[in-house]
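Reader: I'm new to this one. Could you walk me through it?

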Amino acid sequence: MAEVTPQEDTEYLEETDEEQEAAIEGVVLEDQEENGLDSAVGQLQEVQDKEFVEVRLPASIVAEAQQAWQAFIGSAGSRDAAGEAIYAAVFESAPSLQSLFKTARSVMALRFMNGLNSIISSAANPSVLKTQVETLGFQHLDLEVTIPRVVIFRDAIISLFQMELGARFTTKARLGLLSLLNYVGGAYIFIRREYAVRIKI
């Protein structure tokens, strides 16, 4: 069996990322054509922190993201185990983020789990989703959330789902989860910037 060199491995990963990005772009264009969507989905491929408004994702993307979420919980064996897996994925990818959280690991893992569950469960209802995210944003005012930190958190979760679910983590599911995590991260930054000073006063 031929050995795979580090260079070949890197090239393979780069090709895989390019294929995933191309597939996601195709899904966005397809949904825009079929559903008359504006650029909301396309914009949420990046963290948006300039405004915090309701967001409406295509029903098919929301449905597959929610299915992937349930599949992930099922593959983990329990909600607690799923929370632990998310905690480990985030802090293994960026140990420096751990200093931001003073709570015990088990409690933090449960908070990750509950927060993500409320967001993904509300994804089909723009007003409910915005309220859920706003509530979470005010609970995180003490944390210095930045775009690079959101990207680290987002990519760690996306990678975890890809590893755990494989082919079950479809392009639409990935697009939905990516969009939601970017939406939440941007909202946290917006809320902290706009309201933290007012609350202190």
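Author: Let's start with what a pocket is. On a 1 Å grid over the protein atoms alone, a pocket is an open set of points where a 1.4 Å probe fits, with protein on both sides within 12 Å along at least five of seven lines, and lining residues have an atom within 4 Å of a point. Keep in mind that this is a predicted model: local features need pLDDT of at least 70, side-chain atom pairs count only at pLDDT 80 or more, and totals for chains, interfaces and linings use all residues. Residues are numbered from 1 along each chain as its sequence is written, and side-chain values use heavy atoms, with hydrogens and water left out.

Reader: Which residues lie nearest the centre of the largest pocket?

Author: The lining of the largest pocket counts 26 residues. Those nearest its centre are Phe101, Phe112, His140, Leu143 and Tyr188.

Reader: Which element gives the largest share of that lining?

Author: Helices here are DSSP runs of H or I, at least four residues, numbered from the N terminus. Two or more lining residues come from each of α5 (105-121), α6, α7 (147-165) and α8 (171-200). With seven residues, the largest share belongs to α5.

Reader: Is Asp49 buried or exposed?

Author: Asp49 sits in the loop between α2 (40-43) and α3 (59-76). Buried means under 20% relative accessible area, exposed over 50%, and partly exposed in between, using a 1.4 Å probe and protein chains only. Because its relative accessibility is 11%, Asp49 counts as buried.

Reader: Which residues is Asp49 in contact with, leaving aside neighbours within four places in sequence?

Author: Contact means heavy atoms within 4.5 Å. By that rule, and with those neighbours set aside, the partners of Asp49 are Ile147, Gly186, Ile189, Phe190 and Arg193.

Reader: What does the side chain of Ser127 make a polar contact with?

Author: Ser127 is part of helix α6 (residues 126-139), and at 36% relative accessibility it counts as partly exposed. A polar contact is a pair of N or O atoms within 3.5 Å; within protein, one must be able to donate a hydrogen and the other to accept it, and residues adjacent in sequence count only if both atoms are side-chain atoms. At 3.0 Å, the partner is the side chain of Asn125.

Reader: And which residues does Arg149 touch, not counting those up to four places away in sequence?

Author: Arg149 belongs to helix α7. Its relative accessibility is 29%, so Arg149 counts as partly exposed. With those sequence neighbours not counted, Arg149 touches Leu97, Leu100 and Glu144.
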